[in-house]
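Please read the sequence and the model below together. The report that follows covers fold, confidence, charged pairs, a pocket and backbone angles.

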Amino acid sequence: MSATSNPVDVHVGNRIRLRRTLLGMSQERLGNALGLTFQQVQKYERGRNRVGASRLYDLACVLDVPVGFFFADLPTQASDADQPDTGNAQGMAEPTASLLSPALPTVAQDDLALLARRETIELVRAYYGIEDSGTRRRVLDLVRSMGAS
């Protein structure tokens, strides 16, 4: 294995970590659900180890997301860098990108970093812990007014 991780593996690992933390799940708990150690989960999340297809499917089931979630917002240059040219491959009806994440919105890497922060996750959990939708709306309006300069 080379000294640097493949950008696609790093992206998939970041998406695993994002979903796990949004669910409030520890690496140990995720590992137990998959029959792995928390160290193996760490390696997946850091992109040091590549996630195989069956393991990716298991992760999607445990984390309650479609498999395409792990590839959403994958930068084009990351997916193109290590891929062979398949432009003339026989039997390819659609480009690979549309098969992985059809019509998913694009999110900037900076936005993904903000979403993965513990503070953001705690704020979102607290917000959705407010049962009354009217109160939630007022809290959102308050936060927006405080953030406006």
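The text starts with the model and its conventions, then turns to details.

**Basis**

This is a predicted model, in which local features need pLDDT of at least 70 and side-chain atom pairs count only at pLDDT 80 or more, while totals for chains, interfaces and linings use all residues. Residues are numbered from 1 along each chain as its sequence is written, and side-chain values use heavy atoms, with hydrogens and water left out.

**Fold and confidence**

The protein has nine helices and zero strands. Helices (H or I, at least four residues) and strands (E, at least two) are DSSP runs, numbered from the N terminus. Of the 149 residues, 28% count as buried. Buried means under 20% relative accessible area, exposed over 50%, and partly exposed in between (1.4 Å probe, protein chains only). The protein exposes about 10,200 Å². Carbon and sulfur atoms supply 54% of that area. Accessible areas come from the Shrake-Rupley method with a 1.4 Å probe; for residues, only the protein chains shown count as cover.

Take the contacts between residues at least 6 apart in sequence: 67% of them join residues at least 24 apart. A contact means heavy atoms within 4.5 Å.

The average pLDDT, the predictor's confidence in each residue from 0 to 100, is 80. A score of at least 70 is reached by 74% of the residues. Over residues 92-105 the pLDDT is below 50. Beyond near neighbours in sequence, that stretch has eight contacts in the model.

**Salt bridges**

A search of the whole structure finds three salt bridges. The term means a side-chain nitrogen of Lys or Arg within 4 Å of a carboxyl oxygen of Asp or Glu.

| Pair | N to O distance |
|---|---|
| Asp9 and Arg50 | 3.0 Å |
| Asp73 and Arg15 | 3.7 Å |
| Arg20 and Glu45 | 2.5 Å |

Asp9 forms a salt bridge with Arg50. Asp9 lies in helix 1 (residues 7-22) and Arg50 in the loop between helix 3 (38-46) and helix 4 (53-63), so the pair ties together parts 41 residues apart in sequence. Asp9 is buried at 13% relative accessibility, whereas Arg50 is exposed at 57%.

The side chains of Asp73 and Arg15 also meet in a salt bridge. Asp73 sits in the loop between helix 4 and helix 5 (76-81) and Arg15 in helix 1, so this pair joins parts 58 residues apart in sequence. Asp73 is buried at 15% relative accessibility. Arg15 is buried too, at 7%.

Arg20 and Glu45 make a further salt bridge. Arg20 belongs to helix 1 and Glu45 to helix 3, 25 residues apart. Arg20 and Glu45 are buried.

**Second largest pocket**

The second largest pocket holds about 180 Å³ of space. Its lining consists of Leu123, Val124, Tyr127, Val139, Leu140 and Val143. Helix 8 (118-128) and helix 9 (133-147) are the elements that give two or more residues to this lining. On a 1 Å grid over the protein atoms alone, a pocket is an open set of points where a 1.4 Å probe fits, with protein on both sides within 12 Å along at least five of seven lines; lining residues have an atom within 4 Å of a point. Grid points are joined across faces, edges and corners, and a volume is the space filled by probe spheres set on the points.

**Positive phi**

Most residues other than glycine have a negative phi. Asp64 has a positive phi near 55°, and Asp73 has one near 65°. Asp64 is in the loop between helix 4 and helix 5, and Asp73 is found in the loop between helix 4 and helix 5. Asp64 is exposed at 62% relative accessibility, whereas Asp73 is buried at 15%.
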